[in-house]
Amino acid sequence: MPTKLAALAALRQGLLAAKTYAAEQISALAEAVSGLLEDLEASKAEKSQSLSAALPASGWSGSGPYTQTVQVAGVTADTNALLDFAHAADADTEKARARAWSRIAYFEEGAGTITATCLGSKPETDLTLRIILLG
């Protein structure tokens, strides 16, 4: 019987040691996750910002490629932006704007500017850029 009691005592000690070890590991994990959450909160992106700028049909320069640069406060060369055009309520105006938009090959952001470039023909319709600056 003393052997059984000794085995039970050893088993009890082992279980207590395992329980202590598990509690320490859970505490360390919780502390690490808490630190990561604080870091994530500190590096959270700013809210997106919505802007607009006019691209008048008369504002294109060059003879192919054509370019037009507009002033947009808050834009930098490193800006991450989504660009679209202001859509129209009626089909004829929307078709004209979509045709004008399709002629723009690409945009480049600069210090407070956005430059649109057309490689072929230039738009013959005024456009309003809708700019979403991503946070």
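Biologist: What are the ground rules here?

Modeller: Residues count from 1 along each chain as its sequence is written. The model is predicted, so local features need pLDDT of at least 70, side-chain atom pairs count only at pLDDT 80 or more, totals for chains, interfaces and linings use all residues, and side-chain values use heavy atoms, without hydrogens and water.

Biologist: Where is confidence lowest, and where highest?

Modeller: pLDDT is the predictor's confidence in each residue, from 0 to 100. The chain mean is 89, and 97% of residues reach 70 or more. Helix 1 (residues 2-42) is lowest, at a mean of 85. Strand 2 (residues 66-71) is highest, at 96. Helices (H or I, at least four residues) and strands (E, at least two) are DSSP runs, numbered from the N terminus.

Biologist: Why is alanine 30 called partly exposed?

Modeller: Its relative accessible area is 47%. Buried means under 20%, exposed over 50%, partly exposed in between (1.4 Å probe, protein chains only). So alanine 30, at 47%, is partly exposed.

Biologist: What makes strand 5 mostly covered?

Modeller: Six of its six residues (113-118) are buried. Thr113, Thr115 and Thr117 point one way; Ile114, Ala116 and Cys118 point the other. In a regular strand the side chains alternate between the two faces of the sheet.

Biologist: How do you know that strand 5 pairs with strand 4?

Modeller: Pairing needs at least two DSSP bridges between two strands. Strand 4 (residues 106-110) and strand 5 have five, so they pair, in the antiparallel sense. Glycine 110 stands opposite threonine 113.
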